[in-house]
Amino acid sequence: MSRLSRRTSTIPTEDGRLASDPAGVTVAPLTGLQKRLVRWAGSPGTLETSEATVIRHDVAVGETVLISEDASVLPAPGVDEAGTRLVVDQSAAQLAFRVSGAKARALIAKGTAVDLHDSAFAVGATVGTRFGAFRVLLVRSASDVFDLHIDRSFGDALMDLLLDYGAEFGVREG
Amino acid sequence: MTGARRVPGAGLLAGAPAVSFSFDGRRHTGVAGESLATALLANGERTIARSFKYHRPRGVMGVGNEDPAGLVTLARPSGDEPNSRATMVELYDGLAARGQNAWPSVRWDMTAVTDLLSPLFPAGFYYKTFMGPAAAWPLYEKVIRRIAGLGAVPATPDTELCTSTHAHGDLLIAGGGAAGLQAALVAARAGARVLLADENPWFGLGLLGEDARIDGEPAQTWAKAALEELSGLENVTLLPRTTVAGRYEQGFVILCEKLRDGPALAGDPSPRWRLWKLRVGSTIIATGAIERPMVFANNDRPGVMTVGAVGAYLNRYGLLVGEQVVIAASDDDAHRVASQLARAGAEVTVADTRDSGSGVAAAAGVEVLWRSRVADTAGRGGVAGVQIEGPSGRRWISATIAASRGGWSPALHLYAQTGGKAVWDDARAMFVPGAPEIGAVTVGPCNGTMDLAAALAEATAASSAVCGELGYSVTSAVPTVDGADTASGIPGFATPANRKRSFVDVQNDVTIADLDLAVREGYRSIEHVKRYTTLGMGTDQGKLGNINGIRAIAEARGEPMSSVGTTRFRPPYVPLPIGAVAAHMSPEHHHPMRRTAIHDLHAQAGCVWLKAGAWLRPQFYRRGTETDLEAVNREVLAVRNNVGLVDVSTLGKIELAGPDVVTFLNRIYTNGWSTLKPGMGRYGLMLREDGVVFDDGVTMRLGESHYVMSTTSGGAGAVREWMTRLLETRWRDLNVAVVPVTEQWFAAALAGPMARDVLARVAEGFDVSNEAFPFMGARVGKIAGIPARVFRISFSGEMSYEINVPSDRAVELWKALLEAGKPEAMAPYGVESMGVLRLEKGHFVVGREADGRTTPYDLGLGRMVSSKKWFIGKEALDFPEMKNPQRRHVVGIVPVDRKQRLPGSAHLIHADQIDAVGASQGWIVSSAWSPTFDHDIALALLDGGQARHGERMLAYAPIGGGKADVEIVSPHFYDPDGGRQIG
Amino acid sequence: MLLISCPYCGERPEEEFAFGGDASVVPPNGAGEGAPVGTETFADYLYLRDNPKGRHREHWIHRYGCQRWIEVERDTVTHEIHAVRVAGEGK
């Protein structure tokens with residue numbers, strides 16, 4: 001009968017410490033992002049975003065969020081001539097944090113009930129969801145990299161929560 | 001003593017290191033990883049606890065969560081943990097435990113006098129005894145509360161780390177016994193995402209000591225191989241030490257995982273508990289069956305145990321619990337346990353209720369008495385003798401352990417938690433699951449299927465069915481089984497003669513006599529009997545006792561078990577540590593505070609912080625050794641006479657765009673919007689449908705069909721959701737885009753007679769003169785080189801400009817404004833000062849004067865209510881009561897003697913009614929010292945107040961007794977015509 | 001913890017939403033364009049609600065997701081969710 005533990009509980013290793021990953025996850029602010037909120041009338045497919053450097057999150061019919069480091073690939077704020085498309089600049093409205101490392105997915109899973117399995121949330125996917133007590137936009141930038149976009153005023157509180165979630169993994173601030 | 005001894009080489013922990021621990025200060029040695037119960041038994045600690053009511057000695061009865069009364073307090077560096085179940089605590093070096101609620105100790109408990117007084121404490125005694133004299137009840141209560149109970153609440157916070165996580169899967173299997181392992185194998189091999197949880201540190205414990213062979217190999221070997229296969233699969237999550245605590249609708253399941261019992265090692269932030277919030281497609285419930293003890297006289301003495309537990313201590317922990325063991329049995333499997341004990345060196349007697357059965361025990365040298373049962377036990381501090389009743393009468397046998405098995409009770413809690421009904425099966429003498437629940441299947445003994453082969457078949461079928469529904473193809477076959485004991489014998493219920501000392505609930509001291517009493521007194525429903533007698537209400541939730549209790553009630557009522565039924569099953573299956581449930585939700589994380597974009601600048605300026613709803617805002621800025629009042633007075637006078645700067649970025653800002661914005665604004669505000677020109681703004685009053693003031697703020701028209709609405713700081717979210725609700729559910733024909741921009745724009749206000757001078761130094765792109773930029777104007781340009789929107793609005797009543805810039809340039813703006821204001825020695829002011837300024841002006845605040853009951857008329861804003869259009873709340877304002885002149889109106893309050901301070905939280909009454917009931921005619925809502933007027937001022941709500949200016953009343957605070965003679969005045973103390981903000 | 005299938009975002013737990021009350025109640029003269037509503041009628045609209053044992057059509061807002069209003073048909077006894085649609089559609 002083999003005895004399986006997720007972490008050895010009562011039997012320490014030789015040096016007296018329990019096995020743990022050093023810095024299994026890193027949390028760092030992500031800066032320099034430009035963001036636009038686009039509201040438009042008409043059928044969903046009519047909003048084109050041609051650049052690969054744009055993160056596109058379709059919130060609902062007629063509402064999309066576009067994020068890029070390059071402002072030139074994003075539509076300019078304002079109302080278009082036909083009056084059917086409104087673009088609002090939200091670049092200053094949010095902060096972003098990057099959670100990366102072997103334990104990144106485990107950390108994010110503490111905060112959100114969205115299924116993060118590769119089959120449900122592949123690289124490149126975006127989801128607006130609840131994370132702890134916050135509303136965030138979650139982006140899977142790479143297999144071990146998750147970005148959280150949040151309203152600016154909550155930024156400090158979110159960082160505190162990320163460090164709390166990550167404590168058991170030896171989280172490092174980047 | 002008991003003769004408990006360890007069998008060398010036996011058990012799962014053979015070879016584990018020795019550790020030292022203590023109980024009630026006595027030092028002992030144990031084996032790392034064994035249960036504390038094992039270690040206590042091994043070291044002869046028989047009495048480790050006392051029962052709730054009668055303080056009878058309590059020891060270890062079971063081997064797991066079903067153990068009813070073996071509760072101790074663990075003294076850990078992070079804090080005491082009372083009511084810890086000794087059978088579930090894993091021993092670690094330095095563990096310190098102590099007995100609970102006994103004086104001076106659990107071994108010698110003086111409060112056991114309550115056992116002698118037990119006739120005074122029957123079920124429901126608090127309705128019958130200690131009734132008089134009534135004045136003595138507080139004394140009785142104090143004494144009884146001290147004596148009754150278990151562990152003590154710790155005095156200091158627990159510093160242990162806990163965490164929680166979400167998880168997903170196709171299939172959760174609750175229970176890692178044979179059936180659970182098989183179900184897991186089937187689904188895992190088919191590729192499904194599987195989680196397998198067991199509350200023990202090991203899987204497959206039910207197969208320990210079994211002689212059966214599965215697929216040709218010994219059962220334990222099969223289990224070990226299964227586990228190895230499962231642990232190598234990426235789609236499997238194995239969760240030992242994890243209790244499936246609650247199963248809810250739509251596949252939501254809560255699990256509680258224990259990561260360690262020992263304290264965290266230095267520098268290692270590992271949590272103790274992890275709560276899993278799981279969402280799965282299906283759950284296979286393979287939780288097994290709980291052994292049901294027999295009921296006989298004095299069946300609560302330490303040394304009375306269940307047969308399975310005795311076998312488990314031997315096979316799992318290598319401990320023989322006693323040298324002389326009596327086993328009260330009614331099936332063959334108990335004989336197998338007896339033979340194992342005998343081979344380990346114990347002197348065993350079996351009293352079997354049947355006529356005949358297995359010869360396995362006799363072959364091992366065990367004395368087997370057929371058609372016999374245990375009737376009573378004797379011994380001080382633990383069993384020393386057992387009375388057996390048989391065909392030839394009764395006799396006493398010397399024994400230290402009396403183990404019984406009266407049958408099995410399927411652990412169908414997880415099935416029943418979503419409302420499934422347990423059904424009584426007479427043939428098997430057990431409650432089994434009834435009609436299936438959505439998303440859950442019971443397999444194996446928890447389904448009433450005691451036979452190993454049949455259990456494996458059920459598990460295979462259930463798992464295959466789940467996989468089939470999910471589209472995974474199954475390749476596994478049902479394993480073959482041979483040599484398993486068949487569950488034989490019909491377990492019976494005894495009808496003990498000594499009903500007063502025959503215990504059904506060993507933790508709460510509920511006896512057969514108590515249940516008889518409840519039925520005699522007319523309690524029919526099992527739910528009522530439970531609560532009247534406290535049967536099953538202890539921390540063990542009646543796992544061993546409830547079915548025996550139901551049987552006793554059925555007998556007393558002369559009815560079948562099926563008509564008594566079970567009580568409602570509710571999560572959690574076992575008590576959960578509150579720390580695990582709370583996990584990361586400390587106050588800071590549960591209610592996170594929001595910070596403005598210049599938070600650090602406020603801190604550097606020496607502000608005192610205020611929690612204003614969800615926001616952290618500067619209350620005021622202290623200079624040097626100023627008192628609070630001195631600081632606030634200074635700030636207020638600076639705004640009145642000079643100029644001040646305030647961070648108002650917390651106010652909600654919502655952009656509205658589209659051809660139908662004006663139509664929309666007209667419908668949601670009481671006042672009209674059609675005449676508002678681009679570049680101007682207007683104050684708006686928003687009501688609920690019942691005519692009560694909901695929110696207010698200034699809306700600016702920036703362009704043809706582009707507006708920016710302002711809301712209160714606390715109302716931003718609610719107003720936004722209200723507007724989108726109207727547009728999405730009722731007015732889908734209106735073309736209006738609603739975009740919150742509260743966070744995109746930082747806002748700071750310059751306020752004071754010198755405000756324009758300061759503005760002129762930093763403004764670009766628009767003319768700041770009074771003619772070009774009148775009161776309520778909106779301009780777009782630059783401030784200190786930063787793109788900005790500037791709104792000329794005033795809350796303070798002075799000339800004021802609200803400057804909005806993108807939040808990422810807030811720090812830059814703030815510093816530039818302070819620099820520009822240096823000639824005037826402009827300083828920042830905080831929320832407290834803002835409050836005094838608005839109070840002097842008589843502006844109401846949502847949440848204070850607009851308290852969820854006041855209408856525009858009550859606030860004196862009748863002129864804002866349009867008679868020319870419809871708006872939300874219009875119908876309600878026409879209700880007769882809304883025009884009642886005796887409604888409470890906002891008024892101003894000043895002390896008659898200006899030097900007198902106004903009492904806080906005061907009611908307004910006539911001076912001669914100070915002790916009369918119902919004298920209150922209103923109350924003070926907001927009050928403050930006004931440095932502008934050099935006396936206290938207040939706003940109040942007063943019955944019919946608008947017609948009572950000039951009247952004198954008494955402001956009286958019954959709590960605290962503060963009093964002041966006051967005069968009712970107009971709420972607009974300062975600059976009632978508003979000339980100072982318009983100039 | 002209910003699982004609600006938001007038409008825009010997919011299945012999400014209840015804690016991402018806020019409850020908005022009975023969706024079957026229609027405000028009389030809800031845009032003010034019809035005849036004025038009497039006091040009795042309006043008071044009934046404000047304060048009287050059915051309390052069905054069984055299916056209930058109700059509004060929820062997906063506060064932590066798309067922030068859109070949806071209409072959910074939920075069984076008040078079993079919590080089964082029978083239908084979810086964008087608010088205002090399918091009337």
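Here's a quick tour of a few spots in chains A and B. Keep in mind that this is a predicted model. The stops are the two domains of chain A, a five-stranded sheet in chain B, and helix 22 of chain B with its buried residues.

**Chain A: two domains**
- Chain A splits into domain 1, made of 26-31 + 93-173, and domain 2, covering 34-89.
- Going by C-alpha atoms, the centres of domain 1 and domain 2 of chain A sit 24 Å apart.
- Where they meet, five residues of domain 1 of chain A are in contact with five residues of domain 2 of chain A.
- On the domain 1 side, strand 8 (126-131) and strand 9 (134-142) of chain A are the elements giving two or more residues each.
- That side of domain 1 of chain A has two nonpolar residues, three polar ones and no charged ones.

**Chain B: the open sheet**
- Five strands of chain B make up an open, parallel sheet, ordered 18-26-20-21-22.
- Strand 18 (304-306) and strand 22 (367-370) of chain B are the edges, each pairing on one side only.
- From one strand to the next, the twist averages 20°.
- Strands 20 (324-329) and 21 (347-352) of chain B run parallel and are joined by six bridges, with B:I327 opposite B:V350 of strand 21.
- Helix 6 (307-315) of chain B packs on the sheet, touching strands 18, 20 and 26 (401-404), and its direction makes about 85° with that of strand 18.

**Chain B: helix 22**
- In helix 22 (810-820) of chain B, the buried residues are B:A810, B:L813, B:W814, B:L817 and B:A820.
- Looking down the axis of helix 22 of chain B, those buried residues fall within an arc of 130°, so they line one face of the helix.

Technical notes. Residues numbered from 1 in each chain as written. Chains lettered and ligands numbered in written order. Predicted model: local features only at pLDDT ≥ 70, side-chain atom pairs only at ≥ 80, totals over all residues. Buried ≥ 20, exposed ≤ 12 C-beta atoms within 10 Å, placed from the backbone. Helix = DSSP H or I, 4+ residues; strand = E, 2+ residues; numbered from the N terminus. Arc of directions from axis to C-beta. Domains from an automatic or database assignment. Contact = placed C-beta atoms within 7 Å. Nonpolar A, V, L, I, M, F, W, Y, C, P; charged D, E, K, R; others polar. Pairing = 2+ DSSP bridges. Axes fitted to C-alpha atoms, helices over the stretch in contact; angles between N-to-C directions.
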